[in-house]
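Hello,

Here is the structure I promised to pass on to you. Please open it next to this message, and then read on for what turned up in it.

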Amino acid sequence: MPELDRDTARNWIERWDRQQEESLPDREDRFTALIDAVEEGTGRPDPLVLDIGCGPGSLGVRLLNRLPGATVIGIDADPVSLALGQAAYPDLPGLRFTDLDLRVPGWSARLGLGQGGQGGQGGQGGQGGRAADVAVSTTALHWLPEPDLRAMYAELATVLRPGGLLLDGDHFSLDAKESPTLARLDLALRRREDQRRFPAGHAESWSGWWEAAAADPALTAHVEERKRRHVDAGHHGTESNQLATHVEALKAAGFAEVGTLWQRGDNRLLCGVLPSD
């Protein structure tokens, strides 16, 4: 297999970002709002950040550009994304990638962090004796089936410090059973905007990017490993794209405050706050 060099990896990530920006016209605005919340919510120049479902590091790199003193631990189980991120940013201070499956109980123990707000006294364990200050995610957690999402949030609460934050940017739909008209309009408005912006269709779709990546000899083995791991298993038909599912799961995990910090249509930045005691 040809070596995946830095320039090739960065080209693939740039192509990924372009594809994502077409589907998410407010992607950069949401990134900015999320990083604002990290800076304001942690109140320190060197926060310890968990980027869950980090992909190739698009959010982590932007966060470190703003907060160069931060430490960002990118967590993902997708070997393609991890390979791209590791090859593209091998020497970026503060950024490291960790191959972990959030669907497997016990994933947090492998991070070597101190216990946090729901797991004991913060300040024990790795990373200089620190629990994480904040967990962030963008357009990723809707891939987890609902039972796995609930378990992941409960485990996440054990490695965040008291008062720690969860910041999740994604398209969160309304429950069509409870609010059928609002849910229909929510989706219709997004589709209409997309048709106005791209009347001839998108230059490259999500599936098109993956098809192209699979054809690159430098990524072929990673794509095959992704298939073997069933990274996207359980995505279709899950209720983890619903706002209410995340709100209920975060409250059940012990987050004291849960609400939307930023929104445009169904594109939201959801925040959960652990008790500070």
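Please keep in mind that this is a predicted model. Is Thr245 buried or exposed? Its relative accessibility is 3%, and buried means under 20%, so Thr245 counts as buried. Leaving aside residues up to four places away in sequence, Thr245 touches Glu146, Leu149, Arg150, Glu239 and Ser240.

Next, the empty space inside. Rolling a probe the size of a water molecule over the atoms shows where such space is left. How many cavities of 30 Å³ or more does a search of the whole structure find? The search finds 1, and the largest cavity holds about 30 Å³ of space. Its lining is made up of Trp16, Pro56, Ser81, Leu84, Trp209 and Trp210. Two or more of the lining residues come from each of α4 (79–88) and α8 (206–214). Sorted by class, the lining has 5 nonpolar residues, 1 polar residue and no charged ones.

Two packed helices are described by the angle between their axes and the distance between the axes. For α8 and helix α9 (residues 220–229), the angle is about 125° and the axes lie 8 Å apart, which means that α8 is oblique to α9. On the α8 side, the contact is made by Trp206, Trp210, Ala213 and Ala214, and on the α9 side by Thr220, Val223 and Arg226. This contact has 5 nonpolar, 1 polar and 1 charged residues.

Best wishes

Terms used: Residues numbered from 1 in each chain as written. Predicted model: local features only at pLDDT ≥ 70, side-chain atom pairs only at ≥ 80, totals over all residues. Heavy atoms only, no water. Buried < 20%, exposed > 50% of the residue type's maximum accessible area, 1.4 Å probe, protein only. Contact = heavy atoms within 4.5 Å. 1 Å grid on protein atoms, 1.4 Å probe; cavity = no way out; pocket = protein on both sides within 12 Å on 5 of 7 lines; lining within 4 Å. Points joined across faces, edges and corners; volume = space filled by probe spheres on them. Helix = DSSP H or I, 4+ residues; strand = E, 2+ residues; numbered from the N terminus. Nonpolar A, V, L, I, M, F, W, Y, C, P; charged D, E, K, R; others polar. Axes fitted to C-alpha atoms, helices over the stretch in contact; angles between N-to-C directions. Parallel < 35°, antiparallel > 145°, perpendicular 65-115°, else oblique.
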